Amino acid sequence: MSTGRKRLLASAVLVVGVGVGLTFAQAEERIAPESLLPKQSLLYVGVDGSAENAQAWQETAAYEALYESGLMDVATKLFAAIQEQGGGERGMLGQVGTVLQHVMQHGCSLSVTLGEGGGRPPIPWAILVLHDAAPFEEGLSNMVMNAAQGEINLETTDQSGRNVTRGLIPGSPGIEVGWWSEGSHLVVVAGIDAVHSALAVADGGANITANPLWKQYAADDPGFTVASVAWLQFSTLLETFGGMTIPESQHDGRPDGITVNDIASLLGLDGLNTFAARSGYKGRALWSEINIDAPGPRLGLLSLSDQETFTLNDLPPLPSQSGTFGASSFDWAMAYDTLLEIAYDAEGLYPPEFEGQVDGALAQVRQILGFDLRDGIFDPLGNVHTVYTDSGQMPFGLGF
């Protein structure tokens, strides 16, 4: 092989090698958003943008109704007109609209975690990850600085190779806000020592994928395309703040005052562990699941989740031309009894002079209406309720 051909071949190999290297570098730059969220997240909301599950979304009847019908085109033009009135894309409304549109397409993740310091009980700190939104960092900085009007002393420093902008909230017990780019994402944090806590996770600390709730609701396959996941670990909140006394709740009958645990027990929420929800697409349907983890008898407000099931045979006759209907089961009489019992129990937490106020209010309502709420309205309603369209009623088929 001649010297020229050898050089040409070497150059080609070098170009290919550089191209492959850049490809791997770009792939590595896309950090998984969940790797930035702390393991002990007691509140989590994760939303994939429409681009993440585009094919599944476009197969749904909802997409057909919104986009293929042209309805979203009308909404887009209307928003553009409003945007122009607010100064166009460079105006405040335009900038916010651009960010919201990006979030709708690419998604975001929010986590709230109990902090380590800042007193007892600990003050929570929050982290918001705007997926693939790093190009908006400069715009966010300008917007916050304009809004702060010099009341927050913001500074940008190098933190482990990141340009982190941070500042303390005036008059707060050391609560700070901060933001920076993490790979292709824009990270925003708030809370005591929030920047340090978030960077510790980003630099390899335990993240949310090690949380059992993540494995249960985000990592498993539920049988449909998941587009959003959320949970609230209520039991952790109660363990942390349950012993706190409600301000100015002390009286002769309760010299130690009323605690958060007392209120939770009154409402029947002391047996609630976790509330979780996830939604997405299943064929042509939008699919949602809600899970309430509350072992043992459900009392108070939790008892309202125990409703009778029903079938299509339990629905009333619907118009043959009805294009939309919704049905649910909810026993209003049972709800009235439950809420009334909670009101009586709450009355017992306060001084003796509050006794009888619930009965007095009920008597006043009966006097005004001329009948009892439970027997006159809630009980006759039953538990199956239906809302449906009826194009044969009202002008332009708008009857329902």
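Predicted model: local features only at pLDDT ≥ 70, side-chain atom pairs only at ≥ 80, totals over all residues.
Modeller: Local features need pLDDT of at least 70 and side-chain atom pairs count only at pLDDT 80 or more, while totals for chains, interfaces and linings use all residues. Residues are numbered from 1 along each chain as its sequence is written, and side-chain values use heavy atoms, leaving out hydrogens and water.

Colleague: Thanks! What makes S141 count as buried?

Modeller: Buried means under 20% relative accessible area, exposed over 50%, and partly exposed in between, with a 1.4 Å probe and protein chains only. S141 has 10% relative accessibility, so it counts as buried. Of the 400 residues of the protein, 30% count as buried.

Colleague: Which residues does S141 touch, not counting those up to four places away in sequence?

Modeller: They are T165 and W179, where contact means heavy atoms within 4.5 Å.

Colleague: How do you know that the side chains of S141 and W179 make a polar contact?

Modeller: A polar contact is a pair of N or O atoms within 3.5 Å; within protein, one must be able to donate a hydrogen and the other to accept it, and residues adjacent in sequence count only if both atoms are side-chain atoms. For these two side chains the value is 2.8 Å.

Colleague: Why is α11 called oblique to α12?

Modeller: Their axes cross at roughly 140° and come within 9 Å. Angles under 35 degrees count as roughly parallel, over 145 as roughly antiparallel, 65 to 115 as roughly perpendicular, and the rest as oblique. Therefore α11 is oblique to α12. Among the residues making the contact are Y336 and L340 of α11 and V358 and L362 of α12.

Methods:
Axes fitted to C-alpha atoms, helices over the stretch in contact; angles between N-to-C directions. Helix = DSSP H or I, 4+ residues; strand = E, 2+ residues; numbered from the N terminus.
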